[in-house]
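I'm jotting things down in the order I looked them up.

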Amino acid sequence: MQIFDTLTNKKHEIIPLAADGVLRLYVCGVTPYSESHVGHAMQAIVFDVLRRYLDWRGIPVKHVQNFTDIDDKLIDRAQRLGIEMSELAEQNIADYHRQLKELNVLPAHEYPRVTELVPEIVRFIEGLIEKGFAYASGGDVYYRVREFGGARYGALSKRDIDDLVSGARVDPTELKDDPLDFALWKAAKPGEPSWESPWGQGRPGWHIECSAMALKTLGEQIDIHGGGADLIFPHHTNEIAQSEAYTGKTPFAATWMHNAHLQLGDEKMSKSLGNLVTINQALATHSADALRLFLITSHYRRPLKYAPESLDAAKAGAERLREAAFAAQPEQMYTPPVDGEATRERFIAAMDDDLNTPQALAALFDLTREINRGRDRGRDIRPAQETLRELAGVLGLTLAQPQRGSQEAAPFIDLLVQLRSELRAAKQWQLADHVRDGLTSLGIEVKDGPEGSAWKQV
RNA sequence: GGCGCCAUGGCCAAGUGGUAAGGCAAGGCUCUGCAAAAGCCUCACCGCCGGUUCGAGUCCGGCUGGCGCCUCCA
């Protein structure tokens, strides 16, 4: 399988570096200061699909995703709410887990948090100071970017280090030797949560956590480091500088994989801009399958616009897949059976090429048509259905019937449908249609077939 | 201002040298008591202008429009 690498701007073959053959995947997660939005879901789903696919192809994956639970916004918001920072983080992390589960996203193997790794972070910073890549200054500690090398520093984001200087924020209160330098450790301000360190009370800077977490959970070098495209600079740029300076090993990550952003209207969906749709809001009107399908009908490196019409289209598409995957086998079977082997090959070829989910889906929809056609012609469609369900599962689609109504209603609906069948048998068309219209208005769709009437919720 | 990305049918969206995947929507037909579902059929001169090539959405140059990053951000 090949994945596009941001650092080299090329597609790389993905081969686990470690001798045990386990692929190390580190993904930058969320800062849990508020509810997560569909953009976060998109990111989680992209890496979920990657992981499911690699597993399916026989490459075991160890997946680590962090929570940044020490952060300015977290501190501010907790203070405004009058609760502890840890409590606020805890709530949002619990929500995040719950929502991703609803979206059928497999949990990462580990979810390290900054608050749990402060000693490791301190040790990491000490190591950088010893090697001359960092310096303490007035209770803060900064990373010396020029020590690492300008060309190397700008490689990931394709930036000239001197252009960065002019754009760098100049804060007169900061104690940097060079405007490019960034904070590894920040001295505590009054009223803020803080931890002990050789430089006094304080807290870790933003970037250092991921270097320390990756080192602790996955080792000195990892296979794929992922996250949203907005993290390329400065977050991932700084991670490379820290990790490679500390371990002396290059590369820190064999492949840098970044997903493009979800847009709402004409702008990036983001917490700071305030233009967002939360995962809960999306799940209130659409199933996990519909949402996932919508998000993977576009390639992960292309920006995608969130629009209700697009979600509705995905909903209809998911329904189409589901109908075909579970359509009843016709009674009479003629040879040859419909199988999905050609589809499987197309699916693999598409996914191997930088996770081309749109093409993989196209293959599944073509198989859907073959299944429907086969069913109409009395062929054995079961092998193809099995393949369809298997491949959909690799994309994390459950093809499950949405369960929105109460299960208790089912016997009553059965009764009404049965009654209607009797009316039809008696050619009482008006009454039969009246029952059907009534059910339709309640969200129950009735379908008449040769073997009687079936119903489903829509 | 610097760096980068994108512009494909009514909507969404693949395709990066040999004459356009897929989904949704729409229209016609088949099936059906009528529907629904399903099937079959129909629906693209690939933003504009030059260039390279036997041949270009696909490569090169220019133009126009849009987006992202450069500051917290998935």
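**Entry 1: the RNA side.** Before anything else, a reminder to myself that this is a predicted model. I started with the atoms of RNA strand B within 4 Å of the protein: 69% belong to sugar or phosphate, and the rest to bases. Which element gives the largest share of it? That turned out to be α14, with ten residues.

Entry 2: The side chain of His261 puts an N or O atom 3.2 Å from a base nitrogen of RNA strand B.

Entry 3: I fitted α13 (residues 341–352) against α14 (residues 357–376); their axes come within 7 Å and cross at roughly 170 degrees. Since angles over 145 degrees count as roughly antiparallel, α13 is roughly antiparallel to α14. On the α13 side the contact uses Thr343, Arg346, Phe347, Ala350 and Met351. On the α14 side I noted several residues, including Ala360, Ala363, Leu364 and Leu367. Sorting the contact residues by class gave eight nonpolar, three polar and two charged.

**Entry 4: salt bridges.** My search of the whole structure returned 32 salt bridges. I looked at one of them, where the side chains of Arg98 and Asp95 meet at 2.8 Å, N to O. Both belong to helix α3 (residues 85–102), and they are three residues apart, so about one helical turn separates them.

Entry 5: Most peptide bonds are trans, and most residues other than glycine have a negative phi, so I went after the exceptions. Phe233 and Pro234 are joined by a cis peptide bond with omega about 5 degrees, and Pro234 falls in helix α9 (residues 232–247). Another cis bond runs from Thr250 to Pro251, with omega near 0 degrees; Pro251 lies in the loop between α9 and β10 (253–259). As for phi, Asn9 is not a glycine, yet its value is positive at about 60 degrees. I found Asn9 in the loop between β1 (2–5) and β2 (10–13).

Definitions and conventions:
Residues are numbered from 1 along each chain as its sequence is written. Chains are lettered from A and ligands numbered from 1 in the order in which they are written. This is a predicted model: local features need pLDDT of at least 70, side-chain atom pairs count only at pLDDT 80 or more; totals for chains, interfaces and linings use all residues. Side-chain values use heavy atoms; hydrogens and water are left out. Axes are lines fitted to C-alpha atoms, for helices over the stretch in contact, and angles run from 0 to 180 degrees between N-to-C directions. Helices (H or I, at least four residues) and strands (E, at least two) are DSSP runs, numbered from the N terminus. Angles under 35 degrees count as roughly parallel, over 145 as roughly antiparallel, 65 to 115 as roughly perpendicular and the rest as oblique. Contact means heavy atoms within 4.5 Å. Ala, Val, Leu, Ile, Met, Phe, Trp, Tyr, Cys and Pro count as nonpolar, Asp, Glu, Lys and Arg as charged, and the others, Gly among them, as polar. A residue is near a molecule or strand if one of its heavy atoms lies within 4 Å of it. A polar contact is a pair of N or O atoms within 3.5 Å; within protein, one must be able to donate a hydrogen and the other to accept it, and residues adjacent in sequence count only if both atoms are side-chain atoms. A salt bridge is a side-chain nitrogen of Lys or Arg within 4 Å of a carboxyl oxygen of Asp or Glu.
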